[in-house]
Amino acid sequence: MPSTSDGDDLTSARQVIVCAHPGRPEAMAVAGEVAGLLCGRGVGVVAPADQVDALLRHGGARVESVGEGDGPELVVVLGGDGTILRGADLARHFSVPLLGVNLGHVGFLAEAEREDIGRTVDHIVDREYTVEHRMALDVQVFLEGQQIATGWALNEATVEKGSRERMVELALEVDGRPLATWGCDGIILATPTGSTAYAFSTGGPVVWPDVEAILTIPISAHALFARPLLVGPTTRLAVELIPESPGPGVLWCDGRAVADLPFGARVEVARSEDPVRLARLTSSPFTDRLVRKFGLSVEGWRGAARAQQAEEGWV
């Protein structure tokens with residue numbers, strides 16, 4: 001927890017960004033509630049320009065539009081994983097932690113639930129949270145040697161077919177060497193954080209967040225060698241849309257369309273030097289998060305200590 005000097009007012013000159021999905025009134029209502037609670041505790045609140053009026057209507061006093069000169073200490077995002085991923089842009093821009101409050105379904109990136117709003121505000125005001133760094137990906141797109149687009153991703157970058165009726169022909173390059181070419185629907189390049197998102201739904205493994213690696217998964221590939229691959233964090237990957245591809249492609253980063261990919265386009269992906277900082281309110285292990293979010297059955301588990309007691313005849 002950040003320290004303060006003796007006599008300092010903990011809430012003096014502090015600023016937090018609060019945001020939600022502007023198209024969802026129920027989410028904006030909860031965000032307004034949080035903004036109002038923070039303002040009531042002496043913490044300044046700023047928000048994206050298109051959300052300020054909605055937050056004010058729902059109880060957020062003195063909410064202003066976030067500007068380049070602001071110095072927020074935290075970004076609080078209320079919504080599902082998609083909204084939290086959008087909020088990660090703000091957190092990364094200001095190099096501050098991101099705290100997600102789940103208003104969606106699974107909410108794997110969220111640290112708190114709707115019913116925990118009061119306690120969550122207490123943690124923010126008292127700075128009672130730790131910060132966990134999560135690996136991100138930098139993405140560059142080239143055509144005939146010229147850079148035509150850039151992007152970044154916390155979960156995954158995907159190169160996918162641009163039209164429903166046609167596949168794409170993609171070549172995967174690892175550290176400057178060709179590995180395979182597939183006729184497929186696309187390929188996912190994911191971080192450990194993204195292993196529980198799109199990569200998971202296509203049959204990829206769950207990777208613990210403290211493992212630094214990049215996961216590659218071809219989507220519906222017409223090939224025998226089309227297994228998920230896990231490569232090291234310093235590996236540089238490239239995906240080329242070969243000129244003979246049946247159709248064009250599209251680059252997506254965390255669900256955002258970044259660029260159309262014409263024939264011959266090249267997408268280069270590498271670990272970003274700027275990680276995403278996630279605020280953690282508890283020290284619960286990733287295993288417990290998996291069990292809770294996916295509703296996994298642990299019935300019958302007794303643990304090592306219980307097993308030892310049973311062996312000794314105590315239970």
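Guide: Domain bounds here come from an automatic or database domain assignment. On that basis the protein splits into domain 1 (15–134) and domain 2 (137–271). Before we dig in, a word on the ground rules: this is a predicted model, where local features need pLDDT of at least 70 and side-chain atom pairs count only at pLDDT 80 or more, while totals for chains, interfaces and linings use all residues. Residues are numbered from 1 along each chain as its sequence is written, and side-chain values use heavy atoms, with hydrogens and water left out.

Now, the hole. Rolling a probe the size of a water molecule over the atoms shows where empty space is left. A cavity, on a 1 Å grid over the protein atoms alone, is a set of points where a 1.4 Å probe fits but cannot get out; a pocket is an open set with protein on both sides within 12 Å along at least five of seven lines, and lining residues have an atom within 4 Å of a point. Grid points are joined across faces, edges and corners, and a volume is the space filled by probe spheres set on the points.

There is 1 cavity of 30 Å³ or more, and the largest cavity comes to about 130 Å³. Its lining has 19 residues, and Phe-108, Leu-109, Arg-134, Leu-278 and Arg-289 sit closest to the centre. Strand E5 (98–102), strand E20 (276–280) and helix H6 (286–294) are the elements that give two or more residues to that lining; helices (H or I, at least four residues) and strands (E, at least two) are DSSP runs, numbered from the N terminus. By class, you get 11 nonpolar, 4 polar and 4 charged residues around the largest cavity. In that tally Ala, Val, Leu, Ile, Met, Phe, Trp, Tyr, Cys and Pro count as nonpolar, Asp, Glu, Lys and Arg as charged, and the others, Gly among them, as polar.

Where does the largest cavity lie? Domain 1 and domain 2 both give residues to its lining, so it lies between them.

As for those two domains, their centres, taken over C-alpha atoms, are 31 Å apart. Contact (heavy atoms within 4.5 Å) links 9 residues of domain 1 with 10 residues of domain 2. The area buried between them is about 940 Å², with carbon and sulfur atoms giving 58%; buried area is the accessible area (1.4 Å probe) that two parts lose on being put together, summed over both. Leu-85, Arg-92 and Arg-134 supply 52% of what domain 1 buries against domain 2, more than any other three residues. Arg-134 is also among the residues closest to the cavity centre.

Helix H6 turns up again at the largest pocket, where strand E6 (112–113) and helix H4 (117–125) likewise give two or more residues to the lining. That pocket has a volume of about 240 Å³, and its lining has 3 nonpolar, 4 polar and 8 charged residues.
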